Amino acid sequence: MSILVFADSANGAFKPTAAELLGKATALAAALGTTVTAAVLGDAPAASLGGLGAAKVFQAAGDFSNYDNGAIVDALAAIVAAANPTVILAPASYIGRDALPRLAARLDTAMGSDCSDLKVEGGVVVGRRSEFAGRAYADVSISSTPAVFTVRPNTFPKPENNGGSAEVVAVDWSASTPTVSVVETLAPEATGIDLSSAGKVVAGGRSLKSKENFDSVIRPLGAALQAGVGASRAATDAGYAPHNEQVGQTGQTVNPQLYIAAGISGAIQHLAGMRTSKVIVAINKDPDAPIFQHATYGIVADLFDVVPELTKAVEALD
Amino acid sequence: MKIGVCAKISPHADARIKIKSDGSGVDTAGEKLVVGDYDEYAVEEAIRTKEAVGGDVTAFSVGPASDEKLIRSGALALGCDSAVLISGDDAEGAGALGTAKLLAAAIKEAGCEVVFTGKASTDGGSSQMGAMLAELLGWAHVSQVTEFALDGGNFKATRNMDAGVRQIVSGSLPAVITCEDGLNEPRYPKLPDIMKAKRKPLAKKSAGDYGVGAIAPTSNQSNYAPPPPRPPSRIIEGDAASAASELVRLLREEAKVL
Ligand SMILES: Cc1cc2nc3c(=O)[nH]c(=O)nc-3n(C[C@H](O)[C@H](O)[C@H](O)COP(=O)(O)OP(=O)(O)OC[C@H]3O[C@@H](n4cnc5c(N)ncnc54)[C@H](O)[C@@H]3O)c2cc1C
Ligand SMILES: Nc1ncnc2c1ncn2[C@@H]1O[C@H](COP(=O)(O)O)[C@@H](O)[C@H]1O
């Protein structure tokens with residue numbers, strides 16, 4: 001009995017979601033009177049997760065650098081068999097949408113996807129997630145074991161690693177699922193910052209009027225803030241920004257600490273992708289634009305005047 | 001080739017979402033229902049695949065019997081050849097895993113070699129079905145596909161991953177493909193095709209027909225509520241330069257995000 005956190009890693013380093021989920025799992029486990037374990041694929045430093053609250057880490061060795069959902073599911077299933085958890089927490093990233101439901105089906109258990117909160121209620125872990133493109137929220141509870149939840153990146157704070165070390169259990173696994181092979185990895189068209197897990201996002205809309213303006217007004221602010229760059233569908237459809245920067249119902253879901261929307265009206269489909277952002281800044285020349293109803297701070301002005309000033313002000317910070 | 005597509009009927013993206021007073025769910029009575037946003041890409045890709053390699057397309061859906069009309073207009077009228085609609089309390093309340101079991105049984109019975117689903121449904125949006133189906137069928141799967149082509153028994157697909165990374169992958173059939181926005185340009189139905197679709201075969205099934213038995217849902221939703229309220233917004237006045245520097249100050253000192 002434990003809460004098993006899938007501590008995702010790349011190139012031997014843990015992703016930020018590993019600490020976020022371990023921190024939350026530690027609090028949930030304390031409320032449930034159980035322990036936290038972690039699952040690691042590949043060669044990331046498993047023992048170090050002890051400093052984030054994992055009592056035991058189950059590690060499946062192998063080369064996972066070429067993403068293959070078949071291998072990931074086989075290895076995770078072997079870890080679950082060894083760890084025998086009651087709850088599995090994983091990030092709501094590509095792997096969370098691609099591999100975790102397949103793992104759940106193999107374990108004949110249900111899954112709550114893309115949670116924006118987790119709590120203990122009635123002695124079990126319950127997730128909170130949005131439906132209908134963010135227009136309704138609901139609790140999801142799972143009666144099969146293990147209960148699988150994926151959680152949006154940036155939902156929980158990252159605890160400090162206290163330097164502790166966890167016992168590491170090497171788990172044997174073998175491949176059995178039909179695989180898909182990678183022919184070519186295409187580099188990101190724009191910034192390499194992962195929008196869905198970015199801590200800050202700067203987004204522009206139709207009002208930018210051209211790719212040149214988008215590149216010379218929005219991207220410099222993104223660079224100054226070291227933020228991911230997003231766009232409304234009107235902007236991606238018009239070619240001002242690449243499609244994979246679209247934020248919204250049919251684009252990416254972001255969950256940053258800071259979301260700056262410049263010249264975006266705030267259509268319901270756009271809100272679907274960013275409404276959980278902690279702080280929302282709206283810059284729009286129309287005081288009645290719906291985005292202002294969701295903004296923490298608003299500036300009613302022409303973005304072509306304000307955004308370059310904002311870039312300068314951010315650059316001037318120490 | 002036997003081609004399958006999973007299409008879920010759900011409220012239109014612009015539908016009003018009324019939360020029931022006891023928080024047990026949402027009431028979408030009277031709102032416009034459609035084939036899901038991503039499912040439109042799945043339907044289109046299934047039809048294009050048929051046009052490229054021959055064969056026929058079956059649309060699969062789990063939902064109320066009243067969805068028949070929308071499956072006819074949203075899938076059969078566009079070029080799917082037949083449909084299977086699985087209805088009844090056992091089916092409609094089966095939860096995602098139970099729904100996957102029903103769809104997998106129907107897909108197996110139809111003998112499909114490739115199945116397209118949406119990346120996410122428009123209502124629940126949990127992005128589970130495609131990968132669950134692939135597991136239950138023992139097939140390969142690729143998620144969030146933006147380009148797809150068949151070459152004999154093999155396929156090539158481009159998938160959208162994290163951090164703007166895209167990958168071209170290959171594999172062999174059978175496979176489940178989950179469709180991403182922009183995979184294709186969905187067609188509109190033509191009036192004569194809407195008429196013809198009324199006579200296309202649509203099998204009405206129940207959970208019992210697949211021997212899956214009564215599926216007790218293992219996931220449960222409760223406490224429905226509107227999105228949590230946000231604090232009232234604060235409008236920053238002044239010319240561009242002073243508003244910008246005041247905003248930066250507030251972001252740093254008050255909101256503590258810089
Ligand atoms: C099924 C479906 C799915 C969709 N999915 C998405 C999605 O995933 N993401 C998404 O974003 N949209 C999506 N949309 C589209 C959405 O409905 C809106 O059309 C879109 O978000 C509008 O983009 P926008 O705000 O850039 O443009 P507009 O709505 O045209 O707004 C432009 C705004 O800029 C302001 N403005 C203009 N000039 C200036 C200036 N110089 N300075 C300051 N402000 C200025 C205007 O006041 C206005 O508020 C979807 C639509 C449908 C039907
Ligand atoms: N009840 C259903 N009937 C048919 N297809 C479905 C159903 N539920 C989900 N799907 C398919 O699975 C995809 C992902 O759904 P979800 O896992 O609910 O986000 C949808 O886009 C559909 O293609």
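I will start with conventions, then go through the site.

This is a predicted model, where local features need pLDDT of at least 70, side-chain atom pairs count only at pLDDT 80 or more, and totals for chains, interfaces and linings use all residues. Residues are numbered from 1 along each chain as its sequence is written, chains are lettered from A and ligands numbered from 1 in the order in which they are written, and side-chain values use heavy atoms, with hydrogens and water left out.

Ligand 1 lies between chains A and B. Its shell holds 27 residues, counted when a heavy atom lies within 4 Å. Among the closest are A:Arg206, A:Ser232 and A:Gln269. By class, the shell has eight nonpolar, 13 polar and six charged residues; Asp, Glu, Lys and Arg count as charged, Ala, Val, Leu, Ile, Met, Phe, Trp, Tyr, Cys and Pro as nonpolar, and the others, Gly among them, as polar.

Now the oxygen atoms of ligand 1. One is 2.6 Å from an N or O atom in the side chain of A:Ser232. A polar side-chain atom of A:Gln269 lies 2.7 Å from a ligand oxygen, and for a backbone N or O atom of A:Gln249 the distance is 3.1 Å. The protein covers 79% of the 990 Å² of accessible area that ligand 1 has on its own (Shrake-Rupley, 1.4 Å probe).

Last, the salt bridge, meaning a side-chain nitrogen of Lys or Arg within 4 Å of a carboxyl oxygen of Asp or Glu. A:Lys312 and A:Glu309 form one at 3.6 Å, N to O. Over all chains, the count is 30.

Note on methods: A polar contact is a pair of N or O atoms within 3.5 Å; within protein, one must be able to donate a hydrogen and the other to accept it, and residues adjacent in sequence count only if both atoms are side-chain atoms.
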